[in-house]
Amino acid sequence: MSKLTADLEKTKKDAADAAKAAEEALTAAKEEAAKAAEEAAKAAEEAVTAAKEEAAKAAEEAIKAAEEAAKAAAEKPAEEVSPYKFEETHKITVRLFQRGDNEPEKSPFADYIRKGMLEKYNVEVEFVVGGRWTEPDDLGNLLAAKEAPDICYTYSYPTILSYADMGGMIDLAPYIEEYKDAIPNLFNLLGEDNIYWDQDPETGKLWALETRLVNNARINTFIRKDWLDKLGMELPTTKAEFEACLVAFRDNAELLLGEDASRMVPYSTSYDIGWRNNILTVSFVPDDITDEELYIRGYDDRQQFLPGAKEAIRLLNKWYNDGLVWKDFALYGSGDTTEDDNLKAGFVGAFQHNYDYPYRNGDDSIDANLKRNVGPDAVFVAVDCFENDAGVYRKYLGSTVDRKVCFPSTNTEILASLLYLDFISSPETILALQTGTEGINHERAENGAYMMKAVDSADPNYQASLNNIDFTMTCNGQYLGEYTEASFAYGYAPVEPAVVEQAYAIAMNGGRVPAHFVLPAIEAEVGIGTTLSTERDSFLNKAVTASVEDFDKVYDEGVENYMSIGGEAIMDERAEKLEAATGYKFEK
Amino acid sequence: MKTARAEKTINTAKPGRRGRAFSTYMHRYGTLYLLLALPVTFFIIFRYIPMAYILMAFKKNNIILPPWQVDWAKNNGFEWFIKAFKDKLFRRALGNTVTLNLLDLVCGFPAPIIMALLLNELAFKRFKKFTQTVLYLPHFLSWIIIASLALRLLADNDGLINIFYKQMKGDPNAVLPFLSKEKWWIGSYIALGIWKEAGWGTIIYLAALTSISPELYEAAAVDGAGRFRRIWHVTLPGLRPTIIVLLIMRLGYILGSEFDRPLALTNNLVTNVSTVLSIYIYQKGIKGGSQFSLTTAVGLFQSVVGVLFLFGANFLAKRFGERGIM
């Protein structure tokens, strides 16, 4: 801290010096101006009045300019040098996700952050690159090897909690208090809610900061509009109509696919049944389910253990047995591209996925590939057709939280790390990282909107993640200040903005954000996440592919197994702690 | 050339100080000890020192601190063993490991022996060599490649074999569920294992076959033994010691499990039969769970059972008049 104080003192002194210099300049300028005026008066005796006037004006201008210079000189240092800038260079390491085979640490975005941090705080930043899809495994391995970067992040809070229990994490609460003034941008972006989201109400410990999810749209249903047009059908608006569309796709495979008719997939899904049929699932959940029940039964973020979920899977099972669902979905695991290839080749009629899935990845998007492979009319559009018991097109949205940032106990640069978070949370930084370079990453529209351009994935300027979220660690979603709204639909070039806008509107229609309860840590959730999700996927796959007669047996066995290996313990502990905090009585 | 090099090494060795016998001994065999030093160092660093970490199995789960700084686990340190045996998923993995390994043993163990006998009977030397080489090849493919090939060939709908099968039957719903039904999957798993490793496994048997004296065959032929008789009465007895040694080693591995083979071949429909102990350890220990203590306990259990089987098989082999391996 003393170093910082010294820094501050030095800065103040610098500012004072500059002001003094400016004052001197002002006096000199005044003298000069007066002299000039005198000379002018002497030289031009004939036009005394005019000359006097002119000279006075010149003097006035000179004084004004000098005054301005002084003002600028006085203000300038305070603007450029942060009071928290270290005197000696400090060094921190930061986790950075890699997707595919690009080298994010060599991109101009990484340079921007490194340069900015060095200039602003004298902090050298080194990025530690690791795969996006192996993220939870990597974190554990890095911690065990004592090589975890100073700033880590993951999507799973129970993971952080389990490492915190082992003494692997730093309690951030006291540091947030101490350095509150140093991190205004972080507070502005995340808000008190997100910062203290995971604070244990009993112990006050804070193991992670919840970063900000700007856009909480989740999942959409997509359908091939060009196929519907070909068949003379309207966009579906109910479950029954949607099913009729799938049946029509199946029965008209020859017409729609010609010699590839055998490749017809009316409805595609993946091994991740919960996510990939989420809208379907949620449409069977009673609309009047309370926030409390939603919390207690809602450990699974795919909503597969809410009342009604079974009926949703039963419908999917019926579709599967009717030949409406991709037969081989269960054979392909996470990261396999077979399904995407089917979508790109134009064999698929409908599917549910992330609300903007077919439009992501610029020139390599499903939409772009589909147009290349099939024709300019081919398009997946979002539709709203899964009504619930109240007739609402319900979607469970994400809350305001996204990734969880934590500092491993090996971090000895806490202030520098917090300053890093503050730096990447400032609106200018986010804007620069999200929009990149004008002419390469974007063009500006007349209304100021940022129109993103497709960049080749071999180009260092390529953004491997949508809105460059791998770099904007504290912010997920477009965050361009006044231009956000106007720019949103342009974020998906070369996709038509109208198509994207419609998808977004539908994804938000009927949205419900599950409530957040501040409770002590749920111990039953520690270390079990992967096991539970693996078992969930496995039994849902079996249930969907079972014969209609076997469905109940397979599904019920699966749920029972899931509950017995940890699912029930989580529900019980959630119910218990919720009752202790709010008095809510939960009945199974 | 060889002797020259050996002499040079001997000359650089320090002269022994503990008497003439030792110095002569080292003089003669020092080079061999030098050769041994490298593998011994390897084993000490990568096999023996890590054994200290078996302690984790008896300590509270902590991946941050070294195990000797962590408190003992509950139940006198046996918390994780108890937890494992209470865990349904562990019991399932244990059952699957034994089932798949036994099937592998029953179907996979005789395969290279039969193949070696067949190769041995081939008359044309060149054709035999060519066939041998072709049979070795699959061994050099990783399971990841084989699993991808299997998926393209055997998938229910998009697999080549099923595409032909559907056309043959004229029924688009006809399907051979090689990978999607549990029993079929086990068959595919075992068959692919045989396909990959049987050829490679013949090497050791073929080497043993060369040591059988041709005179025995000639004598048998003189006595009027046909081909099958000669195989039965000469070749197989000649192979017996080799077979026994390999069988003992296989039995020591009964609870051990391959990792990449089940991991690459599995899918969500067959996890009930495909999740073996190595996968269980991977999921609990590395993939997000970080339960190092539990998984170390499971690993230790595997090793102990493996050693017991090894001794048991060795004991039985000796009882039946074979030499065994210990």
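Student: Let me begin with burial along a helix: which are the buried residues of helix 7 of chain B?

Tutor: Bear in mind that this is a predicted model. An α-helix has 3.6 residues a turn, so residues three or four places apart point the same way. In helix 7 of chain B, the buried residues are Ala147(B), Ala150(B), Leu151(B) and Leu154(B). Seen down the axis of helix 7 of chain B, these buried residues fall within an arc of 100 degrees, and they therefore line one face of the helix.

Student: Which exposed residues does the face turned away from the buried side of helix 7 of chain B carry, and what covers its buried residues?

Tutor: The face turned away from the buried side carries the exposed residues Ile145(B) and Leu149(B). The cover over the buried residues of helix 7 of chain B includes helix 8 (160-169), helix 9 (182-210) and helix 12 (260-265) of chain B.

Student: What should helix 7 of chain B span, and how far apart are its end C-alpha atoms?

Tutor: At 1.5 Å a residue, the 12 residues of this helix, 143-154, should span 16 Å, and the end C-alpha atoms are 15 Å apart, which agrees.

Student: Turning to strands, how many residues of strand 7 of chain A are buried, and which strands pair with strand 7 of chain A?

Tutor: In a regular strand the side chains alternate between the two faces of the sheet. Strand 7 of chain A, residues 348-354, is mostly covered, with 6 of its 7 residues buried. Strand 5 (residues 219-224) of chain A pairs with strand 7 in the antiparallel sense over 5 bridges, and Phe222(A) stands opposite Phe351(A) in strand 7. Strand 6 (residues 265-268) of chain A pairs with strand 7 in the parallel sense over 3 bridges, with Val265(A) opposite Val348(A).

Student: How many residues of chain A are in contact with chain B, and which helix of chain A gives the most to that side?

Tutor: Here 28 residues of chain A are in contact with 25 residues of chain B. Helix 21 of chain A gives the most to the side that touches chain B, with 9 residues. By class, that side of chain A has 8 nonpolar, 15 polar and 5 charged residues.

Conventions
Residues are numbered from 1 along each chain as its sequence is written. Chains are lettered from A and ligands numbered from 1 in the order in which they are written. This is a predicted model: local features need pLDDT of at least 70, side-chain atom pairs count only at pLDDT 80 or more; totals for chains, interfaces and linings use all residues. Helices (H or I, at least four residues) and strands (E, at least two) are DSSP runs, numbered from the N terminus. The expected span of a helix is 1.5 Å times one less than its number of residues. A residue is buried if 20 or more other C-beta atoms lie within 10 Å of its own, exposed if 12 or fewer, and partly exposed in between; C-beta atoms are placed from the backbone. The arc is that of the directions from the helix axis to the C-beta atoms. Two residues are in contact if their C-beta atoms, placed from the backbone, lie within 7 Å. Ala, Val, Leu, Ile, Met, Phe, Trp, Tyr, Cys and Pro count as nonpolar, Asp, Glu, Lys and Arg as charged, and the others, Gly among them, as polar. Two strands pair if DSSP finds at least two bridges between them.
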